[in-house]
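Me: I am new to this structure and would like to learn how to read a helix and a cavity in it. Could we go through them one after the other?

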Amino acid sequence: MNKSVIKLIATFVVATTVLSLASCAEKKSTENSDTAEIVVWTNNSHSKDAMTKLVDEYNNGEGKEKGIKIVYEVKGGDTYSQALELAIQSGAEPDLFNTSVADSVEKNLIVALEDLPGTEDLLAKYKPYLRDFYNTYNGKTYRLPTAATTRGLVYNKEMFKAAGIIDEKGEAKPPVTWDEFCEDAKKLTDVSKQEYGVVLPMKWGGWFDSDIIGTSMASIGYSQGYNPVTGEYDFAPIKPIMEAFLKLKEDGSFLPGAESLDNDAARARFSDGKVGMKFAYSFDVGVYNDQFPTEIDWGVAPLPVVDENNVFYQPMDLESSIAVGKKAFDTKDHEKLAEVVKFFASDKLLTELYKEGVNIPYDFSLVKDVKLENAKKGWEEFAKLLEISKVTPVVMKNDIGNATTIDQNFINKVWVGKMSVEDALAEETKIRNEGKKTYADMYPEYNPEKYIIPDWDAKREK
């Protein structure tokens with residue numbers, strides 16, 4: 001073969017290769033241009049590892065098929081709001097992000113999920129769990145309540161057995177009623193061993209709302225002293241619960257120094273194994289497994305009730321998913337934005353987060369048959385409390401100015417005998433109901449009727 005022919009063949013090969021590479025590059029460019037990057041910001045650092053893994057799986061599977069790539073970023077909890085505000089001011093906000101609903105709607109920062117295509121079934125599924133201002137505003141939905149926080153009484157099984165508080169099988173038997181709670185606390189207390197029935201973190205600013213107001217719904221059918229059926233505040237039915245705590249004081253069956261204990265210190269004392277009972281949230285599973293790991297055998301029981309023959313659902317809080325930014329709605333494919341919303345609110349994702357011990361889903365039916373491997377102690381028990389828990393209605397707004405509230409009165413007056421339980425409850429009821437009127441007068445456009453739910457019923461079977 002002469003040199004001219006060889007040269008001609010070489011030129012042809014090079015040209016063919018260049019054309020082939022150009023074709024591949026063009027194809028790749030076309031594919032990339034069809035793939036939408038959806039930037040998501042969240043401050044949920046506790047689920048970062050699990051969510052990053054699930055987002056990666058989505059991007060490499062379903063997302064790739066649909067032309068979607070989620071860029072998932074977790075911002076520091078304390079600096080999240082500031083980072084988001086700066087991003088919005090500079091026009092560099094993420095496409096979907098955690099934010100408060102009412103304020104963001106008023107500032108035109110987020111859009112309603114009803115405005116996205118194909119979200120009808122998703123919205124219908126979540127409708128029973130929606131709360132105004134948390135998820136909805138002016139009749140539109142902006143965030144979906146995906147993860148639940150349940151309440152319970154954690155108890156030291158070893159101390160219960162040692163004190164003889166057991167069932168017919170010899171297992172530790174937690175209290176069902178507030179009377180039993182006080183009786184058990186007294187039996188569990190042995191000052192000579194420095195063991196006490198219960199720990200009360202009264203220095204913690206949220207203690208009264210958590211352990212007294214927050215537990216009351218299981219006994220009276222509504223939360224935070226607000227009766228959604230009547231639209232009135234009524235704290236009087238909480239009397240037996242407040243009296244139960246005074247009984248603990250009378251019996252000396254709580255860990256001394258409650259007034260100087262914050263919640264972390266109280267958690268640590270329970271973890272040490274010298275306290276029989278403490279009120280807790282489902283996120284305390286991480287506390288007793290990781291932050292203050294305990295070697296004691298402990299369990300989770302429902303909240304005590306005043307009358308075991310007249311019980312109501314316990315309160316649960318719901319953490320909401322991300323909202324869709326207005327800028328993203330104006331500049332990006334609506335169908336792809338809708339797909340990302342569906343992914344973050346999907347049964348599959350919520351179930352996987354439960355398996356990872358990260359989040360309890362809003363609906364227990366999603367995970368009741370899930371078999372967990374190496375689950376953290378207490379995780380399944382707190383999740384099971386979903387069966388007897390219900391999201392609470394939003395309370396009617398009130399402006400009480402500088403009035404002294406019941407949490408302050410209980411610690412500073414009732415606890416030390418300077419004020420009766422009845423007077424404290426009556427004063428709080430009066431303050432809140434007058435505060436309703438004050439707020440309504442201050443904001444004439446405000447509609448209090450939306451906070452009244454005539455058919456609200458939190459009654460449950462035993």
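Me: Which residues of helix H12 are buried?

Reply: An α-helix has 3.6 residues a turn, so residues three or four places apart point the same way. In this predicted model, where local features need pLDDT of at least 70, side-chain atom pairs count only at pLDDT 80 or more, and totals for chains, interfaces and linings use all residues, the buried residues of H12 (263–272) are Asn263, Ala266, Arg267, Ala268, Phe270 and Ser271. Buried means under 20% relative accessible area (1.4 Å probe, protein chains only), and helices are DSSP runs of H or I with at least four residues, strands runs of E with at least two, numbered from the N terminus. Residues are numbered from 1 along each chain as its sequence is written, and side-chain values use heavy atoms, with hydrogens and water left out.

Me: What covers the buried residues of H12, and what caps its N-terminal end?

Reply: The cover includes strands E8 (151–156), E12 (275–281) and E13 (298–301), together with helix H13 (284–291). Asp262 caps the N-terminal end, with a side-chain oxygen 3.3 Å from the backbone nitrogen of Asp264, while Gly273, with a positive phi near 90°, follows the helix.

Me: Which element gives the most to the lining of the largest cavity?

Reply: Rolling a probe the size of a water molecule over the atoms shows where empty space is left. Here, helix H16 (347–355) gives the most to that lining, with three residues.

Technical notes: Buried < 20%, exposed > 50% of the residue type's maximum accessible area, 1.4 Å probe, protein only. Contact = heavy atoms within 4.5 Å. Polar contact = N/O pair within 3.5 Å; in protein donor to acceptor, adjacent residues only side chain to side chain.
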